[in-house]
Amino acid sequence: MDGQKPIYGLMAEFDDATALVEATKRTYDAGYRKVDAYSPFPIEPAWEALHADDRRVQLLVLCGGIIGALAGFGLCYWTQVIAYPLNIGGRPFNSWPSFIPVTFEVTILIASFTAVISMFALNGLPMPYHPVFNVPAFARASEDRFFLAIEATDPKFDRARTLEFMNGLGARAVMKLNHSWQNLASISIVAFLVLVVAGCRQDMHNQPKYKPLRASSFFPDGSSARQLVDGTVARGTLQEDVAFFTGKVGTALVKEMPFPVTKEVLDRGQQRYEIFCRPCHDSSGSGNGMVVQRGYRRPPSMHIDRLRNVENGHFFDVITNGFGAMPDYKVQITARDRWNIVAYIRALQLSQHAGAADVPGGDPTKVQSPVAGERRH
Ligand code: HEC
């Protein structure tokens with residue numbers, strides 16, 4: 001190298017594709033092998049002139065496919081025949097037709113991974129920097145200029161003689177390709193980024209927080225989930241109206257309905273009753289619902305004197321807290337709906353015990369028939 005600074009190679013610039021192809025052919029014939037051509041668009045004759053017929057990816061993919069096929073079939077064979085043989089319908093353990101899907105999948109899997117990875121590896125990607133970019137004229141390689149480069153690592157490369165050879169190719173210009181500090185710069189940027197990423201810490205992610213239901217060594221009871229502070233009330237759920245929410249004042253049961261009974265109240269009460277109470281108490285309230293017919297304990301009829309004369313608050317309390325064998329419905333039914341049901345139960349009771357005074361026009365015959373009808377239960 002005559003003590004000169006080492007270079008990456010030499011590059012010639014051409015005006016058109018024909019000149020490039022011609023020069024490429026002559027370069028190849030002259031024995032240069034580490035040659036590359038750059039053009040704004042793909043030129044097939046240039047590839048041919050470069051003898052760019054690298055088939056290593058194909059070969060590697062074939063190998064990957066064979067390895068995949070063997071691995072897939074081997075996996076099936078090993079699991080089905082050796083490790084965990086199961087007699088399925090008397091078929092032989094080595095039922096190879098059923099191994100085909102897995103073998104096929106693994107073949108494709110390994111082959112395609114090999115294709116992608118070997119393509120990147122053989123292309124030398126990712127390549128953040130290349131010495132051709134050190135030549136300002138090279139910017140036109142993607143517009144209207146054609147370039148041919150001979151690398152200094154070519155065994156035939158001799159700076160003076162190769163320069164002379166290239167000058168004889170009819171090029172517009174021949175230039176040196178320097179290694180430059182940009183190389184180092186880009187490497188250091190990549191290295192810096194790697195360091196930055198490596199320097200990322202997981203502190204935000206690994207917070208000293210408790211996952212639900214984890215034990216705690218801090219609190220004396222060993223539980224990380226804390227009870228609400230006594231007297232805490234969630235927004236909008238302050239149950240100040242004790243009579244409304246418990247059906248009692250002190251220990252005394254509430255007698256009156258907490259709100260006026262309208263048709264809407266009764267309709268809503270009926271609808272809720274049909275959903276929640278009818279399965280046991282039945283539609284008429286006599287206590288012979290489907291669940292009872294299937295063996296559940298039979299509740300008392302709503303029409304017995306005790307329940308007809310009991311305070312409204314009793315019904316509310318029974319729905320809220322349950323009663324003997326009857327489960328509570330505090331969670332399923334809102335307080336307002338519980339009162340709606342109470343109003344409906346009152347209507348049910350009245351339906352079975354209405355006197356002449358309860359009927360418009362005071363005609364008692366209109367009252368008796370439903371009573372007789374309900375007795376069938
Ligand atoms: C799963 C069946 C079942 C359902 C559903 C059910 N109950 Fe009961 N209920 C019973 C049984 C059983 C008893 C009798 C409990 C006992 O004496 O142990 C009873 C008793 C009662 C009593 C009488 C309490 C007393 O003083 O004797 C009332 C009132 C009552 N239920 C109302 C309701 C209302 C209102 C609903 C609907 C919100 C309802 N029940 C839903 C099974 C049920």
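Which residue in β3 is the bridge partner of L10? It is I150. The model described here is predicted.

## Domains

The protein chain is assigned two domains: domain 1 covers 1-202, and domain 2 covers 242-374. Their centres, taken over C-alpha atoms, are separated by 85 Å.

## The sheet

Four strands make up an open sheet. Their order is β2-β3-β1-β4, and the pairing is antiparallel. At the edges are β2 (35-38) and β4 (173-178), each of which pairs on one side only. From one strand to the next, the twist averages 25°.

## Strand β1 and its partners

Strand β1 spans residues 7-14. In the sheet order it stands between β3 and β4. Strand β1 is mostly covered, with six of its eight residues buried.

On one side, β1 pairs with β3 (residues 146-151). The two strands are antiparallel and share six bridges. Two residue pairs can be picked out along this pairing. L10 has I150 as its bridge partner, and G9 stands opposite E151.

β1 also pairs with β4. Here too the strands run antiparallel, joined by six bridges. Within this pairing, A12 stands opposite V174.

## Helices on the sheet

Helix α1 is formed by residues 17-29. The helix lies across β1, β2 and β3. Its direction runs at about 15° to β3.

Helix α5, residues 159-167, also packs on the sheet. The strands touched by α5 are β1, β3 and β4. Its direction makes about 10° with that of β1.

## The ligand shell

How many residues surround the ligand? The shell holds 19 residues. The closest are C277, C280, P299, G324 and M326. Two elements give two or more residues to this shell: α9 (278-281) and α12 (312-321).

By class, the shell has 16 nonpolar residues. Two polar residues and one charged residue complete it.

## Summary

Domain 1 covers 1-202 and domain 2 covers 242-374. The open sheet has the order β2-β3-β1-β4, with β1 mostly covered. Around the ligand, the shell has 16 nonpolar residues, and α9 and α12 each give two or more residues to it.

How values were computed: Residues are numbered from 1 along each chain as its sequence is written. This is a predicted model: local features need pLDDT of at least 70, side-chain atom pairs count only at pLDDT 80 or more; totals for chains, interfaces and linings use all residues. A residue is near a molecule or strand if its C-beta atom, placed from the backbone, lies within 6 Å of it. Ala, Val, Leu, Ile, Met, Phe, Trp, Tyr, Cys and Pro count as nonpolar, Asp, Glu, Lys and Arg as charged, and the others, Gly among them, as polar. Two strands pair if DSSP finds at least two bridges between them. Axes are lines fitted to C-alpha atoms, for helices over the stretch in contact, and angles run from 0 to 180 degrees between N-to-C directions. Two residues are in contact if their C-beta atoms, placed from the backbone, lie within 7 Å. Domain bounds come from an automatic or database domain assignment. A residue is buried if 20 or more other C-beta atoms lie within 10 Å of its own, exposed if 12 or fewer, and partly exposed in between; C-beta atoms are placed from the backbone.
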